[in-house]
Amino acid sequence: MIGRESELARLRSVFAATRDGRPQGVVVSGEAGIGKTRLLEEFRAFASTEALVLTGQCVDLGAVAAPYSPIQAVLRSLVAAVGADTVLDAGGPGGEALAALVPELAARTPDAATGRLNRVHDAVATVLETVSRQTPLVVLIEDLHWADEGTLDLLRFLLRVLGSGRILVVLSFRTEDVSRGHPLRALLSELDRSRSVTRVELARLTRDDVRRQVTQILGAEPDEEAFDRVHARSEGVPFFVEELVGFDASGEGELPWTLRELLLARYERLSDEAQHLLRLISAGGVRVDHTLLSSVFPGDADQLDSAAREAVLAHILVADERSYAFRHALVREAIHSDLLPGERARFHTRFAEALEAISAEHRVAAEVSYHWMAAHDAARAFPASLAAMSEARASYAYGTAAQMGERALELWDSVPNAETVAERKKIDLLAQTASALRNAGEGERSLAMINLALDECPRDEALRYARLLRDKALYLGNVGKPGSIPLLRQALELVPPGAEGYAGTSGLAGTTMSAGELRSGLLTALASRLMLNAHFDEAIITGKQALAEAHRAGSDRHASIASNVLGSSEISSGLIAEGRAHLNDALVLSETDTSARLRYRVNASDAEFLLGHSGEALCIAELGIERARELGVERSSGIILKSNAVDPLIALGQWDRADAFIDSAIRLLPSPTFNAYLNRARIFLLTWRGETDAAFRLYRSVRTSLRELGEVEMQVKLGAPRVAAELLLAQNAPDEAWDEVSILFESDHRAVPGYELPLLAVAARTLAALRRAATPPTADNAEARIRALLQSVSWWPTADLWTAIVDAELSGGTGTGNDPDAWQRVVDRVATDPASQAHLPAYAALRQAQALVETGDRTAAAPPLRDAWHRAEALGAGLVSRQAREVADRAGLSLTPGRRSADATDLTARERQVLDLLGQGLSNRQIGERLFISAKTASVHVSAILRKLGASSRTEAVFLAREPV
């Protein structure tokens, strides 16, 4: 191997790091012929002496890749190495999900058909982590530019969540094949930002390296004139160097000038029999199994062996124990493009027929579809594409399922009796393809597809049309767009009570849906949308109808979801006891349905948090997280529950843990709804920690999406302005903060008490800030409107707490919050009220101290000011700490009277981390990189350390912190 010493050394270095139990990734990239495979072969030989190397090869099947093909190869290699039972045991509780990728495991997992759900990603991650405890693992996947979206999603998941284990994931791709819009680009962009992934980009060889390569090939120094020709035409691409040297050595004339001539040069020197075999193999793909090749080769075994041996000796094919592969994909592509039309059709037909004869367990339906398409046989490509769609769905490869559905739809009109062959109407195939697009995260395309289905559906097929309206309503909700409620109402008019019949097939799985099930689902969906839009009275009425319909239809799943929505709506409207009873019913009814149980835990946890019971809310979420762990879905469904635990964690003061949950959830949840919740929580934390610049950058990046989602979810419409206004107040921008809280005064405003009350408190604080700045809002009745809204939700259990805060914010003769007694009442309230939140005691003490200073009682201000500062430092509420120091400086007060200045116990946990890194001599930028914060934030922490320790330099700060007090 020439000119790749440094790249190989980097691979070995990263591999060494994984032996300490830190999973790593490497992405090797370069143009065709640059030597990616050669480098990986050398690394594989090195790594295999210390690790189990599992190899997967992506397959070129044109526009639609085979789902999970390289992952299946990796898992089958693992099964071959350690045994099927070991692999299943290593998968933990969710191990049966592996049968979705390796069907032969299904015989060993009797619950595989019902137990997979969407546990595939979790199961693969768990298997790799578990096995790596016994032996290091290298997962090597080549030609990622041909990978399907399911494979890319699984790799993205693995590289995000693998937190422990001696695992190295090595990926390679051809750079020129990843154009704008290629699905791999998004993954590469994400991996570029990951600290655990190393990029290795292979450059062309230098002139000296090309000379070394030519010398190695020839076994002697080359003729200078011949070398100049080879170097000029190869342009430093190792594969081209080798081909040119080989051609020149053959003495067959002038070197080829075109790439095609060069790639076909060796091929054209072979016998007719060998050329025929290579043309046949080129139709089969980059690698073709020997048994499959034998079944499509027209000659006998000896003729096949003779032709294959000639191609191997000519360095065009390589062979292993079971298959043949082109030594380079470029040669295969050149030969395949050279096929005559008749040859192309015959060869691909042979492969398609041979693959169809293989048992379904070992057949890849996407390959069959590809070959029939390449053979231009629409009648046979059509059912093959539908089979591939079903196969992809079974393994949760929704992107491939959608592509196969679209392919079948393109063929529909050219296939005789397509409806009979497909065993479904075209409308149903459109709906199933739309469902696949939705599950693949293609929200806008799913809407376009369901619109086509609605256009295609006759209006006299009322049930089918109603089902399509329901689907469109759900897809609109998925992408956070308005319009779901009128669609669901329109659908319900088409399915009156007592309606009979069937609404065609539903969803990607194609299950049949009765009129009763459809009506139950429509009512439940409508009740849910009404609840999210804060139309609680109507949601309760609709929820009761949905529950009754679900019981009539005998659907515990729909009954659980209906009870869930009904209970949540009742609680938000003040019927708290009734709501809790219905939530408990939802829990009982969801016993056999994991999805319904997940919805229960999300809504029940949220309800308890809004009622002021943060501990109970956290307990419900953590029970769900533990159950997810038991089921083997901790890193998929469990992430949703972790995101639901964030608000209770923040309220309870467990901010670091909340941050960790946000980090893990936001990396794995594509849902715009959950991302909105998580970003709202992160803005809150950044603001109250005093990192307002970072908070504002995040707020600016998500502001538009939050406002769009707020049009369909009232809790986002009320929750986002609260954190935005707090951030803007921290940046001394009360006018802009008032714009945010003015959402309360819109004509169509509807209250969600648990979100309304904190927003009203921020509105009061903003109004007081505007009064202090002598720029009150133009509406002179602003305070009256705030108090009227406060009175309208005074029945909510946490109202007394927030009312006390509103009263204090607007207290004093000028209504600017400068009445110390009002703030004393808040201090007393937050100290005893179970609904209080962790930051409120520090904030209330600070505001009391500010009021005392403003009224001239500096002596009395000192104790609450010190209390505020100490509480804020303990919590990590840097915003309150900074404001307390500012008040102390203005008033000439000391926050730590009588204490030695050089006392490291005054430092926050984050500041102690920064101090440790200062002791290692790190710069602000290096500290930021190590702690995943900005250099500016690191600088703020360093300044705080110097001030608290009374140090004049970073070195002195380290010295003073280590000196005994």
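1. What volume does the largest cavity have? In this predicted model, the largest cavity has a volume of about 330 Å³, and 24 residues line it, with Phe 609, Arg 722, Gly 754, Pro 758 and Gln 837 the closest to its centre. The count of cavities of 30 Å³ or more comes to four.

2. As to where that lining comes from, helix 30 (594-610), helix 33 (646-651), helix 35, helix 37 and helix 39 (753-772) each contribute at least two residues to the largest cavity. By residue class, the lining of the largest cavity divides into 14 nonpolar, seven polar and three charged residues.

3. The second largest cavity has a volume of about 100 Å³, and among the 13 residues that line it, Glu 726, Val 762, Arg 765, Trp 802 and Leu 840 lie nearest its centre. Two or more lining residues come from each of helix 37, helix 39, helix 41 (799-809) and helix 43 (840-854), and helix 39 gives the most, with four. The lining of the second largest cavity comprises eight nonpolar residues, one polar and four charged.

4. Helix 36 (residues 692-710) deserves a separate remark: a straight helix of 19 residues would span 27 Å, whereas helix 36 spans only 23 Å between its end C-alpha atoms. Helix 36 also bends by about 50 degrees at Val 702, and Val 702 is itself buried.

5. Other buried residues of helix 36 include Thr 692, Ala 694, Ala 695, Leu 698, Tyr 699, Leu 706, Leu 709 and Gly 710. The elements that cover the buried residues of helix 36 include helix 35 (672-688), helix 37 (714-730) and helix 38 (734-741).

Note on methods. Residues are numbered from 1 along each chain as its sequence is written. This is a predicted model: local features need pLDDT of at least 70, side-chain atom pairs count only at pLDDT 80 or more; totals for chains, interfaces and linings use all residues. Side-chain values use heavy atoms; hydrogens and water are left out. The expected span of a helix is 1.5 Å times one less than its number of residues. The bend at a residue is the angle between axes fitted to the seven residues ending there and the seven starting there. Buried means under 20% relative accessible area, exposed over 50%, partly exposed in between (1.4 Å probe, protein chains only). Contact means heavy atoms within 4.5 Å. On a 1 Å grid over the protein atoms alone, a cavity is a set of points where a 1.4 Å probe fits but cannot get out, and a pocket is an open set with protein on both sides within 12 Å along at least five of seven lines; lining residues have an atom within 4 Å of a point. Grid points are joined across faces, edges and corners, and a volume is the space filled by probe spheres set on the points. Ala, Val, Leu, Ile, Met, Phe, Trp, Tyr, Cys and Pro count as nonpolar, Asp, Glu, Lys and Arg as charged, and the others, Gly among them, as polar.
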